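Colleague: I have a chain to go through and would like to take it step by step. Could we look at it together?

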Amino acid sequence: MEDEKAVGERGYSAGHPWYYVLGGKPPYPHQIMAEVQQRGYGGYLASEIARMDALPEPKRSQALRSARIKALADYRADLSRYREVVRALHRHRANHPHEEGPRCAGVHQSVSLKHNHLFNDLAHLRTLAVLLDKQRDLFDF
């Protein structure tokens, strides 16, 4: 826990490779989702999702459901890859102690990139869930 605090004080978040170079612990998916919710982030597709939400029914619901199916598939693929790169990070740390000082390697970039993919995937899924829970009345203007 102390390592995470020290890394945070240096200004790096889990979305940056140096967070992992300096010993930061890869967050679990539920921790990533908590940060998405705290920030209120809608993902890089937020404007596209808003465009879908503005469509008249039933096109709106169909478009949002299709987007949710794709976002869920993206999330599952990214989560699988995230688990692989986190395992690679653990192996890298075990095999490469910081004898000459910290160095950023491909594994650090891979973990940060997959973290950011999950961050966006979860933001999209959260946004889509909120919008799909709101059923539009045919007489809403």
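**Charged pairs and helix packing**

Modeller: We can begin with one side chain of this predicted model. Glu 48 has a relative accessibility of 31%, so Glu 48 counts as partly exposed.

Colleague: Which side chain meets Glu 48 in a salt bridge?

Modeller: Opposite charges matter here, as side chains of opposite charge can pair when their charged atoms come close. Arg 51 is three residues from Glu 48 in helix α4, so about one helical turn separates the two. Arg 51 is itself partly exposed, at a relative accessible area of 44%. The N to O distance is 2.6 Å, and the partner of Glu 48 in this salt bridge is Arg 51.

Colleague: Is Arg 39 buried or exposed?

Modeller: Arg 39 forms a salt bridge with Glu 35, at 2.5 Å from N to O. Both lie in helix α3 (residues 29-39), four residues apart, or about one turn of the helix. Glu 35 is partly exposed at 24% relative accessibility. The cut-off for exposed is over 50%, and with a relative accessible area of 54% Arg 39 is exposed.

Colleague: Is Arg 60 buried or exposed?

Modeller: Arg 60 has a charged side chain that meets Glu 57 in a salt bridge, 2.9 Å from N to O. Buried means under 20% relative accessible area. Arg 60 has 2% relative accessibility, so Arg 60 counts as buried.

Colleague: Which residues do salt bridges with shared partners join into one network with Arg 60?

Modeller: The pair of Glu 57 and Arg 60 is one part of the answer. The structure holds seven salt bridges. Through shared partners, the network joins Arg 60 with Glu 57 and Asp 53.

Colleague: Which residue does a cis peptide bond join to Glu 57?

Modeller: Most peptide bonds are trans. Here omega is about 0°, and the bond is cis. The residue in question has its place in the loop between α4 and α5. The cis bond joins Glu 57 to Pro 58.

Colleague: Where on helix α4 do its buried residues lie?

Modeller: Helix α4 covers residues 46-53, and Ile 49, Met 52 and Asp 53 are buried in it. Seen down the axis of α4, these buried residues fall within an arc of 100°, so they line one face of the helix.

Colleague: How are α5 and α6 oriented to each other?

Modeller: Two packed helices are described by the angle between their axes and the distance between the axes. The axes of α5 and α6 come within 8 Å and cross at roughly 155°. Angles over 145 degrees count as roughly antiparallel. That makes α5 and α6 roughly antiparallel.

Colleague: How many helices does the chain have?

Modeller: From the N terminus on, the elements run α-α-α-α-α-α. There are zero strands, and the helices come to six.

Methods: Residues are numbered from 1 along each chain as its sequence is written. This is a predicted model: local features need pLDDT of at least 70, side-chain atom pairs count only at pLDDT 80 or more; totals for chains, interfaces and linings use all residues. Side-chain values use heavy atoms; hydrogens and water are left out. Buried means under 20% relative accessible area, exposed over 50%, partly exposed in between (1.4 Å probe, protein chains only). The arc is that of the directions from the helix axis to the C-beta atoms. A salt bridge is a side-chain nitrogen of Lys or Arg within 4 Å of a carboxyl oxygen of Asp or Glu. Axes are lines fitted to C-alpha atoms, for helices over the stretch in contact, and angles run from 0 to 180 degrees between N-to-C directions. Angles under 35 degrees count as roughly parallel, over 145 as roughly antiparallel, 65 to 115 as roughly perpendicular and the rest as oblique.
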